[in-house]
Amino acid sequence: MPPNTASTGKDNLIADEEEVLQAVILADSFNKRFKPLTTHKPRCLLPICNAPLLDWTFESLALAGVQEIFVICRSHAELVKTAIKNSKWSKPGAGLKIVPIVTAKETFTPGDAMRDIYTHGIITSDFVLVTGDLVSNIRIGDVVREHKERRKTDKDAIMTMVVKQSGVNHRTRSKGDSAVFVIDPETSKCLHYEAVTGYPPKKYTSIPREILNEHPEVEIRNDLIDCSIDICSVEVPSLFQDNFDYGDVRRDFVHGVLTSDLLMKSIYCYIAKEGYAARVRDTRSYDSISKDILSRWTFPLVPDDNHPGGHSYEHLRGNKYIAKDNSVILSRTCKIGNNTLIGSKSQIADNAQVMASVLGQRCIVGAGSVVRNSYLFDGAVVGPNCVVEHSIIGSGVQIKERTRVERGCLIADGVVVGPQATIKPFSRLSKRRQDSDDEDEEFEDAEEECEEDDDDADGEGEDGDDEDEVDSELEDVEANQDPEALAKLGAGTNAIIWPPPAVDEDEDIDELEHPDNQRLMRIGDDAADLVLSDPGSVTSSESESESESDDDDERFYGSNPASSTTSLPLGTPSNLVAQADSAVISEFQQEVKQSLDRAFAEGHSVDNAAVELKTLRMASNVSLRLVREAVIAAMVSRIKIIAGGGIPQRQEIASMISRWGGLIDKIGGVDPVETVEVLQEYCASSDRLPLFGQILAALYQDDIVDEDDIRAWHGNPKAQGQDVKPASLQENYNKCWVTGAHMIKQFDEQDSDEESEEDSDDGSDSVEPVVKAPVTEKLPSAGANSSEEDSGEESSDEEDEEGNTDEDDSE
């Protein structure tokens with residue numbers, strides 16, 4: 001008897017409606033980029049903007065409509081299970097079912113975790129695969145539906161990777177770990193995938209010839225951010241089980257599937273046009289994503305609304321977030337900068353400054369101290385007259401008076417340093433083991449309690465193995481301490497210093513994890529002395545280092561970022577390559593000058609001029625800085641010098657900046673600090689030196705640069721003329737720097753006036769319109785007498801709009 005086809009179709013429809021959307025979270029990071037912060041806890045439990053990373057991942061999946069989540073964990077599994085148990089998403093009525101799965105102790109790669117998933121047999125349908133350090137507001141449900149529709153016509157489609165287009169200088173785009181995607185523009189099918197490390201330089205990719213023969217049109221993309229969100233079919237875990245050499249999801253699985261003649265499977269890309277998604281892969285991305293959250297790119301997942309940690313914050317102008325429970329104590333003379341979050345029960349003392357930073361709960365910043373671009377976990381204490389720059393400070397850390405923490409430092413929980421100590425850049429500190437015994441016993445007690453409550457937990461004895469590994473690693477570190485280096489950490493320190501990453505000559509290390517490549521992934525490191533492969537990844541000081549450093553030339557011949565020539569073997573003469581590079585740059589500069597001359601003479605629109613410049617840059621494959629230098633030179637050189645200066649001169653400058661200033665940020669990337677650097681460089685070496693201050697003020701008034709950008713430029717030793725030759729040019733650099741100092745002084749006075757007005761407001765809740773005060777008042781010229789002040793003020797709606805970024809904001 002034939003089957004009832006109508007009934008069968010109806011049953012299938014009901015099954016589709018009742019199908020539960022599952023997600024798998026790989027909680028382990030499988031690397032040591034956050035050590036020693038992750039010595040006693042997994043990366044997924046580190047806080048970002050005062051909520052554990054795992055909670056941000058739960059929020060992202062709940063926003064996407066996921067109903068069942070499996071958390072795959074090995075390291076510190078009991079801590080992960082406790083965090084899940086205490087999460088708001090584990091409460092009745094939360095709408096999510098979260099199941100922790102403890103993997104075998106032999107799980108050392110994502111591929112091992114996928115094989116363990118296959119062994120457990122937990123996957124019943126298409127599922128979402130993410131990592132435990134994801135922050136996203138992308139509507140994954142739309143991707144799932146597209147994947148399922150595609151599966152109806154292509155039964156071999158096993159995965160859809162979510163990627164997002166970005167500019168080459170986008171801060172969440174990894175400079176050390178990117179990829180080349182070859183995509184069919186008609187079907188979005190991924191035809192080829194090749195991982196790209198930032199160092200050593202890689203300047204070409206190899207695409208199988210048959211791909212180009214079979215597909216008349218392909219897109220070769222190196223401008224995509226891998227969101228680490230994959231929609232997988234149910235057979236993906238079994239493919240890992242069948243291929244034990246698959247370790248990494250991208251470098252092994254995706255690459256292996258696409259190059260296999262036997263599997264005959266298809267992988268697709270979903271290029272997200274809207275929304276935000278990024279993974280905290282390393283300390284640099286931790287910094288970038290924190291700033292994106294504070295800048296509200298992740299809306300509706302922002303500190304003052306839907307905060308994953310359940311905290312409540314008040315959102316103030318300039319993206320300042322203060323805990324709402326009235327427990328924060330702020331001195332009347334302290335300064336809180338833009339893009340800053342301060343947790344409950346924290347205290348900021350007299351004349352202290354906290355700028356572009358995140359403070360956890362119960363943090364203290366002492367009188368006269370400066371915390372800039374840094375992240376303090378709960379209970380961290382910074383004593384009086386300290387400086388903390390671009391670093392991550394663990395829970396309960398005490399930084400005693402007059403201590404300086406230089407950029408890139410990682411200080412683990414409970415460390416005490418100082419007084420009067422200097423922590424060198426990129427230092428990694430943790431507590432001595434004897435000082436950690438009590439804390440370790442508390443962890444063990446908590447884990448034992450969880451084991452009693454969780455009878456069906458797998459992986460018995462797992463955490464014992466973790467503690468053995470930790471003790472062994474700490475023992476090795478302690479055994480190789482330098483007494484002189486420890487003495488510099490202060491008399492009251494309990495810290496040990498972790499050695500810098502090194503490579504054993506006999507060790508076969510993945511180039512992704514090579515210390516030089518890892519420099520591109522650590523917080524506060526501009527890697528200015530490395531020659532990078534991606535012209536868009538060139539750091540602000542790299543062009544100088546290329547021309548001045550013979551060492552780089554000897555190590556990587558022909559690897560100038562402006563060159564499209566493939567890398568030559570070490571030891572090969574590079575004169576021909578250098579000549580070719582020089583010719584390319586010279587020809588590009590001439591073409592850009594002609595293009596800008598036409599644009600100014602014929603009155604082109606800024607958008608049209610920007611398109612032509614982008615086309616020239618792509619054709620010549622040069623760095624973005626060269627374009628910025630050409631644009632600023634063209635603008636400044638056309639500003640007429642008015643005899644007597646004064647108001648007519650400022651009007652001339654304002655006219656030029658208002659007409660053409662927007663072109664600076666439309667040439668392919670926004671870097672306001674580099675903009676000020678290039679302006680200083682041009683003015684210091686030309687007759688426009690007296691106009692530097694007024695041009696900088698005009699750029700500020702037009703929101704091309706802001707206060708933080710000017711401060712960042714001013715804090716760079718190069719801005720003061722350090723290492724600049726000849727002496728006359730160094731003197732001109734210093735004149736520009738002095739002009740900047742006057743401008744910063746005016747900023748400080750304006751902030752003081754605003755605070756005074758707020759104090760005299762008698763507690764009124766009314767909000768005054770935001771007005772950007774002019775900074776030209778009493779501003780001296782860089783190379784001549786100061787001109788008259790302009791008493792006019794300009795209203796700025798930009799700050800109001802910035803503080804009210806809504807869901808429509810996208811990268």
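How many disulfides does a search of the whole structure find? I ran the search and it returned 0. I note at the outset that this is a predicted model.

**Cysteines**

Cys334 has 6% relative accessibility, so I count Cys334 as buried. For Cys736 I looked up the nearest cysteine sulfur, which belongs to Cys683 and lies 6.0 Å away. A disulfide needs the two sulfur atoms within 2.5 Å, and Cys736 is in no disulfide. Cys736 is buried because its relative accessibility is 0%.

**Three-stranded sheet**

I next traced an open sheet of 3 strands, and I read its order as E10-E9-E11 with antiparallel pairing. Strand E10 (190–197) and strand E11 (219–221) are the edge strands, each pairing on one side only. From one strand to the next the twist averages 10°. I followed the pairing of strand E9 (residues 177–183) with E11, which is antiparallel and has 3 bridges. Within this pairing I find Phe181 opposite Arg221 of E11.

What packs on the sheet? I find helix H8 (residues 249–259) there, touching E9 and E10. The direction of H8 makes about 150° with that of E10.

**Helix H8**

I checked burial along H8. The helix is largely enclosed by the rest of the structure, because 8 of its 11 residues are buried. I list the buried ones as Val249, Arg250, Arg251, Phe253, Val254, Gly256, Val257 and Leu258. Two arginines, Arg250 and Arg251, are on that list. At the N-terminal end I looked for a cap and found Asp248. A side-chain oxygen of Asp248 is 2.9 Å from the backbone nitrogen of Arg250.

**Strand E12**

Is strand E12 (residues 224–232) mostly covered or uncovered? I find E12 mostly covered, with 9 of its 9 residues buried.

Which strands pair with E12? I find strand E6 (residues 127–131) joined to E12 by 3 bridges, running antiparallel. In that pair, Val128 has Ile231 of E12 as its bridge partner. Strand E8 (residues 157–165) also pairs with E12 in the antiparallel sense, over 7 bridges. There I note Met159 opposite Cys232 of E12.

**Nonpolar cores**

I went on to the largest nonpolar core, which has 56 residues. Which of its residues touch the most other members? They are Ile348 and Ile399. I looked up which elements give two or more residues to this core; among them are helix H2 (53–63), helix H9 (283–294), strand E16 (320–323), strand E19 (340–342) and strand E31 (410–411). The largest share comes from H9, with 4 residues.

I then listed the contacts of Ile348, leaving aside neighbours within four places in sequence. They are Ile329, Leu330, Ser331, Cys334, Ile336, Ile342, Val354, Leu359 and Val365. Cys334, which I had already marked as buried at 6% relative accessibility, is thus back on the page as a contact of Ile348.

I also recorded a second, separate core of 49 residues. Its members include Leu596, Ile664, Phe692 and Ala697. As a general remark, nonpolar side chains tend to be buried together in soluble globular proteins.

Definitions and conventions: Residues numbered from 1 in each chain as written. Predicted model: local features only at pLDDT ≥ 70, side-chain atom pairs only at ≥ 80, totals over all residues. Heavy atoms only, no water. Pairing = 2+ DSSP bridges. Axes fitted to C-alpha atoms, helices over the stretch in contact; angles between N-to-C directions. Contact = heavy atoms within 4.5 Å. Buried < 20%, exposed > 50% of the residue type's maximum accessible area, 1.4 Å probe, protein only. Core = buried A, V, L, I, M, F, W, Y, C linked by side-chain atoms within 4.5 Å. Polar contact = N/O pair within 3.5 Å; in protein donor to acceptor, adjacent residues only side chain to side chain.
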